[in-house]
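Subject: Structure handover and findings

Hello,

Here is the structure we talked about handing over. Please have it open while you read the notes that follow.

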Amino acid sequence: TTFRNCKRMAINGLLEQMCEEEGVGFVDLWGYFVGKEDMFMRDGLHLSGKGAAVFSENLLRSMNNGTGCNFLN
């Protein structure tokens, strides 16, 4: 679990950096997923149904609030 979280954190950081370099908004949902294995499929990478619901709900909320989602322009 610790190894998986380290890999996930590294990927999250790389995505954030790429978004910044490209001038694209980044919505950091890390806090919703760290240490919560039920949010992921058995492979530890892909989101489970529960994880996908949390992801989409919070991404939509961020878009509606205008926080970090200029990638739709």
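Is N58 buried or exposed? The model is a predicted one, so the answer, like the rest of this email, is computed from predicted coordinates. N58 is buried, because its relative accessible area is 5% and the cut-off for buried is under 20%.

**Around N58**

N58 sits in helix 3. Its side chain makes a polar contact of 3.0 Å with the side chain of Y32. A second polar contact, of 2.7 Å, links the side chains of N58 and R61. Set aside the neighbours within four places in sequence, and N58 is in contact with L29 and Y32.

**The largest pocket**

Its volume is about 520 Å³. There are 17 lining residues, and those closest to the centre are I11, N12, L15, F33 and F55. Helix 1 gives the most, with five residues. Sorted by class, the lining has 14 nonpolar, two polar and one charged residues.

**The nonpolar core**

The largest nonpolar core has six residues: V27, L29, F33, M39, F40 and V54. Two of these names have come up already. What does F33 touch, not counting residues up to four places away in sequence? The list is M39, F40, L47, G51, V54 and F55. As background, nonpolar side chains in soluble globular proteins tend to be buried together.

**Two loop residues**

F26 lies in the loop between helix 1 and helix 2. F26 counts as partly exposed, because its relative accessibility is 22% and buried would need under 20%. F26 and N12 are 14 residues apart in sequence, and their C-alpha atoms are 9.9 Å apart in space.

K36 is in the loop between helix 2 and helix 3. K36 is partly exposed too, at 34% relative accessibility. K36 and N5 are 31 residues apart in sequence and 9.6 Å apart in space, C-alpha to C-alpha.

Best wishes

Definitions and conventions
Residues are numbered from 1 along each chain as its sequence is written. This is a predicted model: local features need pLDDT of at least 70, side-chain atom pairs count only at pLDDT 80 or more; totals for chains, interfaces and linings use all residues. Side-chain values use heavy atoms; hydrogens and water are left out. On a 1 Å grid over the protein atoms alone, a cavity is a set of points where a 1.4 Å probe fits but cannot get out, and a pocket is an open set with protein on both sides within 12 Å along at least five of seven lines; lining residues have an atom within 4 Å of a point. Grid points are joined across faces, edges and corners, and a volume is the space filled by probe spheres set on the points. Helices (H or I, at least four residues) and strands (E, at least two) are DSSP runs, numbered from the N terminus. Ala, Val, Leu, Ile, Met, Phe, Trp, Tyr, Cys and Pro count as nonpolar, Asp, Glu, Lys and Arg as charged, and the others, Gly among them, as polar. Buried means under 20% relative accessible area, exposed over 50%, partly exposed in between (1.4 Å probe, protein chains only). A polar contact is a pair of N or O atoms within 3.5 Å; within protein, one must be able to donate a hydrogen and the other to accept it, and residues adjacent in sequence count only if both atoms are side-chain atoms. Contact means heavy atoms within 4.5 Å. A nonpolar core is a set of buried Ala, Val, Leu, Ile, Met, Phe, Trp, Tyr and Cys residues joined through side-chain atoms within 4.5 Å.
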